[in-house]
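Please find below a short briefing on one structure, arranged by topic for a reader new to it.

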Amino acid sequence: MLLGRFARLSQTLLRRNLHITPKFNQAMAIDGNNILAESLKKQGVEYVFGIVGIPVIETSLALQAAGLKYVGMRNEQAACYAAQAIGYLTGKPGVCLVVSGPGLLHCIGGMANAQVNCWPLLVIAGSCPEDHEGIGGFQEWLQVESSRMYSKYAARPPSPRLVPLHVEKAVRYACAGRPGVSYLDMPATLLTAEVEEDKVPMDYYAAETVKLAHPNPELVEQAADLLAKAQRPLIIVGKGAAYGRAEDALCKLVEATKVPFLPTPMGKGVVPDESQYCVSTARTQALLKADVILLLGARLNWMLHFGQAPRYAPGAKIIQVDICPEEFHNSVKSEVAVHSDIKPFVEALTLKLRDRKFSLPPTSDWWQGLREKQKKNTQFVEGQASSKSMPLNYYAVFKAVQANIPKDSIIVSEGANTMDIGRGMLLNNKPRHRLDAGTFATMGVGPGFAVAAAMWCRDYAPEKRVICVEGDSAFGFSGMEIETMFRYKLPVIVVIVNNNGIYGGFDRDVMQDLQSSGDLAQCTPPTALSTEVRYEKMMEMFGVSGHLCRTIPEIEAALKDAVNVTDRPSIINILIDPQASRKPQAFNWLTESKL
Ligand code: ADP
Ligand code: MG
């Protein structure tokens, strides 16, 4: 049985070298798998992440034969996270290839995450043979219907000849306007169906880059007027600006106008965090007091407190720039709403403000107030970060991490406090160098994102490192992807900030007391995980050692070692105070909507 399967596989391998088989009196035949592979190649798809099984094993081989890079993962969700991260990093959708039924269903959480984050992604799932539908086929499921809610486009190509058309459409939908998800359903019967090659119109469908959307000059004028008259202007840089590759234009705007800016979590690095105009350390104050806000590629959702009081000044005027006009006036009415790519808008605005010789003086009340707040907040953080008391707190850990990683690293991060505190302390000075739980606040994304980022580094920036900073709970969702990293020799540095739980856990004694007080399922705190779990020992599965750290010198030594390892991942497991928390906040983190 197994041998039979291998024989079939090697036949496919043989065939993929020939690529096509002569049939029908010398006419060349090509099957659905190879049509799919060639179509994806034509559309510029470069990476595929997935898990194979019936009926997509031959598909994966055809993809490799066509020159696509295939990365086999350990869980479909993680594969889906990886595919969407590569889409964000490259601007071209990555493909997530999965099996039928449960394979696709495991992927759905990932599809929702990509859709909510506005990242391009193409999911392709095998499905049961069409003649088995309705009679209990193997892993039969309503796959197109299931995907519809989580995608911009979901379809099953009706014949092999129409596969190239649907691939082109799927890629176009994923990238055009606000990026998002496409789904293609490939029944086993479609994948294996053979047709004469010259009947498949491949060349007709040429990949074409989506044109930039340019702003209406009148609206640029209005935006410039509003900003030039503002007393307390603020720029918010969202991940739409990062995706839109607006970094050079935005740096010029900020330098020319000296207007304070605030990046959203993944907007970090579009303008360097270390820029003197970055006011992340006075975030609450900046939002609260600004009178004109230039909102570039960010939605006024929960992450930006819905743009409403009490987090914003009543009457604050918003200049909203987005590629998606449906987004305008959501939650609050914008004073100026500009349908445009961020980059051409920012370029045009910079020229207009230059004409007006607009530049915010550093001596202005606005800057003075922000500087004072920045000073106060930085003092608190520095106090915490220089504490040597044991067990360590978050701030001390992140200070040591920041000081011992290459400054241009891609930082992947997830967890509760780990992600929130790390956002302030781990700096990004390059765009698209931070990948985190994002708009959907999804836990489990880290290792998949890190695999994608490391693949990207290998192909486009071989010297660059990926640091995957995980809470212990977050790591648990997709920890087995460490094997994927090992198999593909990806030198991801996984830093686990381990506090024995979700938000926080308990030390060994307290946990023992708690668990001995009754039935384990009734007295184990739901937020608790086992104490001092040795996650770093996962490296021993591959015959190498990980790092366990309790002190700053141990963290420094571990990072020095890990930075020198270039052909496999490393795990640094840092045991911190299970009750460590973050700086007291002026507002509840999830400010209630007033609606
Ligand atoms: P953040 O998480 O940084 O707040 P969001 O995901 O809320 O960002 O918002 C990103 C916004 O950027 C979306 O509304 C999306 O339509 C928009 N967007 C994406 N690409 C571009 C682009 N090239 N130009 C302008 N807006 C864009
Ligand atoms: Mg934890």
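Isoleucine 496 has asparagine 573 of β20 as its bridge partner. This is a predicted model, in which local features need pLDDT of at least 70 and side-chain atom pairs count only at pLDDT 80 or more, while totals for chains, interfaces and linings use all residues. Residues are numbered from 1 along each chain as its sequence is written, chains are lettered from A and ligands numbered from 1 in the order in which they are written, and side-chain values use heavy atoms, with hydrogens and water left out.

**The sheet**
- Strands β18 and β20 (residues 570-575) run parallel and are joined by six bridges; two strands pair if DSSP finds at least two bridges between them.
- The order β16-β15-β17-β18-β20-β19 describes an open sheet of six strands with parallel pairing; strands (E, at least two residues) and helices (H or I, at least four) are DSSP runs, numbered from the N terminus.
- β16 (434-436) and β19 (547-549) stand at the edges with a single partner strand each, so one side of each lacks a neighbour in the sheet.

- Aspartate 472 lies in helix α18 (residues 472-478) and glycine 501 in the loop between β18 (493-498) and α20 (508-515), 29 residues apart.
- Aspartate 472 is buried, at 2% relative accessible area, and glycine 501 is buried at 4%; buried means under 20%, exposed over 50% and partly exposed in between (1.4 Å probe, protein chains only).
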